[in-house]
Amino acid sequence: MSARRLWTLLRREVRATLRDPFTATILVAVPLLALLAFGFVLATDVKHLALGVHDASGTAASRRLVAELAANGTFDPRRFATRAALDRALVSGAISAAIVIPPDFDRALHQGGDPPAVQVIYDGGEAVLAGNAEAFLRSLIAATGAGLTEAGSPRGAGVEVVTRALFNARLDGKPFMVAGTFGFVLSFLTTLITAVSIVNERMTGTFDQLQVTPATSLEIFLAKILPLGAVFAFDVVLMVVVAGLVLGVWPHGSLLFFVVVSSGYVLISLALGLIFSATSATAAEAVQKTVLFSIPLVQMSGFAFAVRNMPTAFRWFAELLPATHYIRVSRAIYLRDAGPLELLPELGVLLLCGVVLIGLALRTLEARA
Amino acid sequence: MSRPRFWSNVLAVAYREALVLRHDRAFIGVVVAQPIMMLVLMGMVLSNKPANVPWAVLDRSESPVSRRLVEEIQASGYFRAPRTIHGYEEAREVLRRGQALAVLVVPDEFARRIERGRPRVQLLIDGSDPLSAARIAGYIGQIASAFATRDGPPAVRHAAPRLPGAIDVRQRFWFNPTLSDRKFFLSALAGMLLTNLCLSVTALGLVGEREVGTYEQMLALPTTPLEIVLGKLVPFVGVSYALLLFTTVAAGVIFGLWPQGSWLALLVVTLPFVLASLAIGVFVSAVARTSAQAVFITVFFIMPSFVLSGVLFPYQLMPRGVREIGALFPLRWYQIALRGVIERGAGMVEVLVPVAALAALFAGLLLVIRWRMKPRLG
């Protein structure tokens, strides 16, 4: 390996990358776009959800219950005069949750005996929505009911749970998604860019020219990967700053540690892109491979859906993806201020993936020569 | 240009295109491999319902009642066997390392306070995974509030958990009684697959032809660019319907999720959606200069449209501005219609709004394309 040759190749790659304004735009725009799109979508709470109300009781008590549900902006009540109208609104999807107050609500509330039965109906098709709304509606109704009767809970039942959330007290979805978006961008965009750039070079013939120069495959590999690696390291810093300024999410852990780990992970993704491109005949094929691979990558890496919720066999498969481990590390540093020692096992797996994939990428480059 | 000539030209181009498609291996790969992969993922793998949750217990009471509470939480089936820890420092540490998602702290006076009324426990949860954390807190809260603190007769103890309180809440989940995420994902699956198909294949196909030079050959024919583009799109409408039928029947046969509503409504609402998606593909091909560019633009249009439309995350819970941006993607309206027809048994009347929205999007896109699209060589 010669430092001079590597330097020449590096300059060639940097120029080739920067000459194309489109690629340069993509490299900046896509990470930011992904950050903004993903940052907002995960909600653990409910705000201004349309709630159908059929109040057959029509008393002061029932009106107070409805007012309490609307009070802090959790639900936007919409009244329905008949039960049938309410059912139709649920079927059409105009409302996703509804509450039916029985005619004897007030009476049952103040007389002894059975407590009044309030019916709550959810559109179970919107499973996430219903799941989130359920907890809120239940606790709101229970609290209002206690206030209406001034009666404590019956003795001999119930344990009060005082919940405290660490690292993210309001259970805000943004930090979770931001830390995951690093995994998405650094896995998908990196692989796609390398795959496309190398196949394009092969089609225009410049790759063959490279291979007849005295440069070794290790030198070509490094020259291809280092400039892109630097660009993505810059992307990481850019994303950290934008996430902080726009979404208000700053890393809790060491920024330096995070950038170092992320840069290392970029090399793994780039090697994967090299393998895809080296084994494809056309750009279209390389893209198909990358996109097809990106489906499990995005869905199974724990980026949006927790790995632990999957069936056992799929959990093992997810553990084989480097992205799974990187996203775990990214969240640990970003949200829980984890240090290198605590993350040793995950970092070890990432290192192993890197060695294997970079070795494979070098092999495929040599086989091509 | 007389009208009959126009349509015969369109059909001629469509015929040629269908012949080309049959030999396109990458295309067949997309049409066959993607649906199967997505069916498996959506039907069997993805879930928001917590499972295998690691948790820890800091039991300072060490009484039979506290052990029974732990057992009862464990029996709910969401959790792994709890790890026993001995101090707050350790609790923080297991949460920080991700070795536990929740720590239940039972205070020493727990057993004593039962005599005086409602005992209290503390639950520390890992907020870095907010969705799981919120749900786990909800489950544990429900189990705890229904927990019989005194050993009553077993029949009472194992009765259905009911929230003690002044109002009896009876809840029901319509259309999906077990609240399974599978239904949520699967019913919108066709929307995702059709978006992928219509966008990637048109954008790539048109730019690809321009690169290879066959587009120029076609421009030299006595056909207008509009006829060529329309002709190229006709076969994809057919493929889209085939894909829709495949997905719907596969979801029905494998996962038992058959459309509850009108098949006619399903077929009708699909047409403006497919046309709008194809139009976006055409627009991308008019903007992109190389197929690499077409790929990037397509992929990074598909990504936000999956994220913001509501197929994976409920759009109703997104913040105001973000929700409105999502309404600009055809997939938003199509997934509303799909969920309506497949899960809630909607008919033609209920899908009128999505159909109108999709038609409006399509019309808008046509105007943009007419303005942007000029016959271009090389």
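Is Cys353(A) buried or exposed? With a relative accessible area of 14%, Cys353(A) is buried. Cys198(B) counts as buried too, at 1% relative accessibility. Please keep in mind that this is a predicted model. A disulfide is a covalent bond between the sulfur atoms of two cysteines, and here the count of disulfides over all chains comes to zero.

Let us start with the layout of each chain. In chain A, the domain assignment gives domain 1 (49-166) and domain 2 (173-368), and the centres of these two domains of chain A, taken over C-alpha atoms, are separated by 47 Å. For chain B the assignment gives domain 1 (55-174) and domain 2 (181-372). The C-alpha centres of domain 1 and domain 2 of chain B are 46 Å apart.

**Where the chains meet**

The contact involves 101 residues from chain A and 101 residues from chain B. About 9,400 Å² is buried between chain B and chain A, and carbon and sulfur atoms give 66% of that area. On the polar side, 15 residue pairs are in polar contact across the interface of chain B and chain A, both residues being at pLDDT 80 or more. Helix α6 (residues 130-145) of chain B gives the most to the side of chain B that touches chain A, with 12 residues.

| Asp123(A) | Arg344(B) | 3.1 Å |

Take the pair of Asp123(A) and Arg344(B), joined by a salt bridge. This pair crosses between chains, from strand β4 (residues 117-123) of chain A, which holds Asp123(A), to helix α15 (residues 330-344) of chain B, which holds Arg344(B). Asp123(A) is buried at a relative accessible area of 2%, and Arg344(B) is buried at 9%.

Glu93(B) and Arg96(B) both lie in helix α4 (residues 88-96) of chain B, three residues apart, which is about one turn of the helix. Glu93(B) is partly exposed at 28% relative accessible area, whereas Arg96(B) is buried at 16%. Together with Glu342(A) and Arg97(B), these two residues are linked in a network of salt bridges.

**Two backbone angles to look at**

Most residues other than glycine have a negative phi. Asp337(A) has a positive phi, near 55°. Asp337(A) is placed in the loop between α13 (322-336) and α14 (344-368) of chain A, and counts as partly exposed at 39% relative accessibility. In chain B, Glu62(B) has a positive phi near 45°. Glu62(B) lies in the loop between β1 (55-59) and α3 (64-74) of chain B and is exposed, with a relative accessible area of 57%.

Definitions and conventions:
Residues numbered from 1 in each chain as written. Chains lettered and ligands numbered in written order. Predicted model: local features only at pLDDT ≥ 70, side-chain atom pairs only at ≥ 80, totals over all residues. Heavy atoms only, no water. Disulfide = S-S within 2.5 Å. Buried < 20%, exposed > 50% of the residue type's maximum accessible area, 1.4 Å probe, protein only. Domains from an automatic or database assignment. Contact = heavy atoms within 4.5 Å. Buried area = accessible area lost by both parts, 1.4 Å probe. Polar contact = N/O pair within 3.5 Å; in protein donor to acceptor, adjacent residues only side chain to side chain. Helix = DSSP H or I, 4+ residues; strand = E, 2+ residues; numbered from the N terminus. Salt bridge = Lys/Arg side-chain N within 4 Å of Asp/Glu carboxyl O.
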